[in-house]
Amino acid sequence: MNDPIPRRRMLGTIGGVFAGLLSLPLARSIKRKFRSTAAPSDYDPTQHKWLMCLDVDKCIGCGLCADACKTENHVPEATHYFRTWIERYIIRKPASASDQLRGEVLVDSPNGGRGGFPPARVPKEDILKSFFVPKLCNLCEASPCTQVCPVGATFDAPDGAVLVDPTYCIGCGFCIQACPYGCRFLNPDTRTAEKCTLCYHRITRGLKPACVEVCPTQARVFGDLKHPVENDPLQAFVMKNKVNTLKPYLGTKPRVLYANLDKEVR
Amino acid sequence: MSMLIATAITEVAPHFEGYVYPNESGSHPLWGVLIVLYPYITGLVAGAFIMASLVRVFRVKALEPVYRLSLLTALAFLLCATLPLLFHLGHPERSYQIMITPHLTSPMAIFGFVYAWYLMAVLLLELWFDFREDFVTWGGTEKGFRGFIYRMFTVGVSDVSEKSLALDHKLSWIISIMGIPSAFLLHGYVGFIFGSIKANPWWGNAIMPIIFILSAMVSGIALCVFNYLVLCWIRRRPVDMRCLDVMGMYLFYGLVIDATVEGLDWIHRAYSAQEGFDVMEYMAHARLFYTLSIGQVLVGTLIPLLVLGVFQVARKHISDIVRRRLYFTCSFFVLLGVLAMRWNVVMGGQFFSKSLRGVMSYHLEFAGLEGWFLGLILLSLPFIILTVLIRLFLSEKLPTQGHVPHRMEESGTSPETSNH
Amino acid sequence: MRFFNMPPQIFRLVLLIFAIVVSYLVARTLLTPDTFRDHGFYRGAALVELTGKIPVLAGKEACGARHPEILKTLAKGSHKSLSCEGCHGAVSKSHLDDPTDKMRKPPAGICLRCHEANPSRPAGFKQIVLHDPKPDNNHYDGACLECHLPHDPKEAPAEPDQASPAPDKTSPASDKAPTEPDNASPAPVKTPSEPNKEP
């Protein structure tokens, strides 16, 4: 019987097997790429310049980035160790008799935003404006943290990441004190300083940082300034938005750009 | 204040009020008791050395009785200075890296070199030139282990001729002159460590190294007063009141300058009221009230200023015994006050968030590496070492041509000595 | 005896200073790590070591290489910007080694992670109010998956009694929505071998 459905089904099955077989080497090579311990031998840090930018108006505060970061980088679980976190800003309406335009500002970051944010204790009617701000290492050009390291354990890599050499760090904590953005911490297990590395082990193999990977709304925009892709998200970001940086008056020259940053954000 | 410190939106976290960066929300500060002690100890070293250099460089003859005591005090404290740092480091076994690959843009990187320079080229050398003649003498007369130590310190040189001793004196004078900026560097760089942190408005300003040095001078002088009185009391020897009065005078004027400059810092902060002033003011009141208002200001500055100030004008009308007791009390208060000042600087900078929206409350533990029990031990260790040094080098039984702490004539049992 | 006509104490001191400086320089040469100052004031080997950590998340590209159908479905709808591992969790080693060892389904409450109504979320973002005390404002207090396919949220799941096309060998059976009684608590893990449990 020439039943069209069984033939279609058979062709579909053959096609599926074929596609599966073809994708096998691709999948294997991708698997190999991200499972290997070896550094990619053709990676030249002087040929790349990584940057992450953030669109505050796109962040929905889901906290997937904070979770992914802790998973990816084996950050200690306790609530005071974060390589990246999200802050929630709630700007209340001014009190009825006051001559202020904006009321009290309330900021929180419960467990860094991991697992999402619990409902605010401020009733919705009382809120003038509210938004989420993801935070991470600001990739400063004149980084105060690398300036103060006494032994040269933390440094500016040629490709724009600011990294810590965990086998050389003596754990003095000077860099943690010197970072104006609070993005560093002392790892209690290794007793060395730790911070966002832009998932250096991922970006050097062509993968995206874990936080960028899982962000559902593309609030985190990541790219290589030396190799812009087609419809490069970073180029689109700066063409579309007026941008700001955190604490520009300190002279750290942070490279991470924020779009739609409110004046209350520190 | 509630308008400026944001109230917690979710459940009140145990360790802070308002908003702090998540990395700041732990239960312990990054820099604890040990980092409070380190500048305190190096400050005492620098101050005690300046006391000694007043004799050598500025030829204040009245202070000669405490010349050797000041140097030995400086040495005892300097030998302990690295201990708080080693206990604090995450990897003390890598601490040698600071001398192998010092990152010269970091003020902390000069620690190894400044410490080594000050210990060897300044303090030990000055002590050696002053004691060299005695080492030769004592090496000859003393037996056993003590004799061995004295002979070892002669480094094989036995020339104690007039010419040689004159050379010693001249070199000691040169080293003293070098030692004054070295002492300022030894302690000033710590002030610069804090002063260089622009991320933290409590620390990051130009006046921080100056304040550190001035309070170090004051604490060092107070320590010399304290040690001198305790030594004479233990040995039941009469105190040289003129020496004590001159030390008290330097302490008074040092306190005046120190209080003026620190006061200037606060006045400027309050006047210019830059961003962060509100949270810092709240923090100082909520977290530092006892250590700042009571400890540093009242006990550590105002009371000694009052008492010592009265002494400057009415010394003649106050009996020796009362003056001695009050000098002891004042020096102890000043020592407490400067320790409180170190606490206020180091901990104050960590009690408020860099988000400028929150204030933390840290527990201070008794036990553990950052506990105050270890702190007490580390503070007592220099005194123990000083006792050993005094036994070895300031012994009453050993004759010396150098400066001695107290008049010997009335003791009756020890050989006659003379002050230069 | 005087060397170089120096007073003996000076001579001894000079010797001592010389010895100290020389031993410091020797120690510095021996103890400085080999790759120091290769690229800057740090151990150059650190760059290599930091790239050598094994990634945990596979990334959408890697999942998509094995599950292209799902990626195609995803690309059609408003969930096209989502990553697989955001909902499904990081790919597990057991799944990589043995693809028939399927990954756990996301817990039922995962939709609320992004979509529960929250005044701090951007205004245009689709949100759902749950447990609203005003009964007429109540959206549906039941399971999201009753009406939405997770990979293509505008599509509703097929009725259970309709014939459905045979699933591709390369895509797991997660396009079929299981019924969930309570979307506020995480669902028990269901594998295709287990029958769907009715409440």
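Mentor: Helices (H or I, at least four residues) and strands (E, at least two) are DSSP runs, numbered from the N terminus. By that rule chain C reads α-α-α-α-α-α-α along its sequence. The model is predicted: local features need pLDDT of at least 70, side-chain atom pairs count only at pLDDT 80 or more, and totals for chains, interfaces and linings use all residues. Residues are numbered from 1 along each chain as its sequence is written, and chains are lettered from A and ligands numbered from 1 in the order in which they are written.

Trainee: How many helices and strands does chain C have?

Mentor: Chain C has seven helices and zero strands.

Trainee: What share of chain C is buried, and what makes a residue count as such?

Mentor: A residue is buried if 20 or more other C-beta atoms, placed from the backbone, lie within 10 Å of its own; with 12 or fewer it is exposed, and in between partly exposed. Buried residues make up 22% of the 199 residues in chain C.

Trainee: Why are H5(B) and H7(B) called roughly antiparallel?

Mentor: Helix H5 (residues 111–141) and helix H7 (residues 162–195) of chain B pack at about 150°, their axes 9 Å apart. Axes are lines fitted to C-alpha atoms, for helices over the stretch in contact, and angles run from 0 to 180 degrees between N-to-C directions. Angles over 145 degrees count as roughly antiparallel, under 35 as roughly parallel, 65 to 115 as roughly perpendicular and the rest as oblique. Therefore H5(B) is roughly antiparallel to H7(B).

Trainee: Which residues make this contact, and how do you know that they touch?

Mentor: Two residues are in contact if their C-beta atoms, placed from the backbone, lie within 7 Å. Among them are Trp117(B) and Phe129(B) of H5(B), and Leu171(B) and Tyr189(B) of H7(B).

Trainee: What classes do the residues of that contact fall into?

Mentor: They divide into 13 nonpolar, four polar and five charged. Ala, Val, Leu, Ile, Met, Phe, Trp, Tyr, Cys and Pro count as nonpolar, Asp, Glu, Lys and Arg as charged, and the others, Gly among them, as polar.

Trainee: How many residues do chain A and chain C each give to their contact?

Mentor: Chain A gives 57 residues and chain C gives 43. H1(A) gives the most to the side of chain A that touches chain C, with twelve residues. By class, that side of chain A has 31 nonpolar, 14 polar and twelve charged residues.
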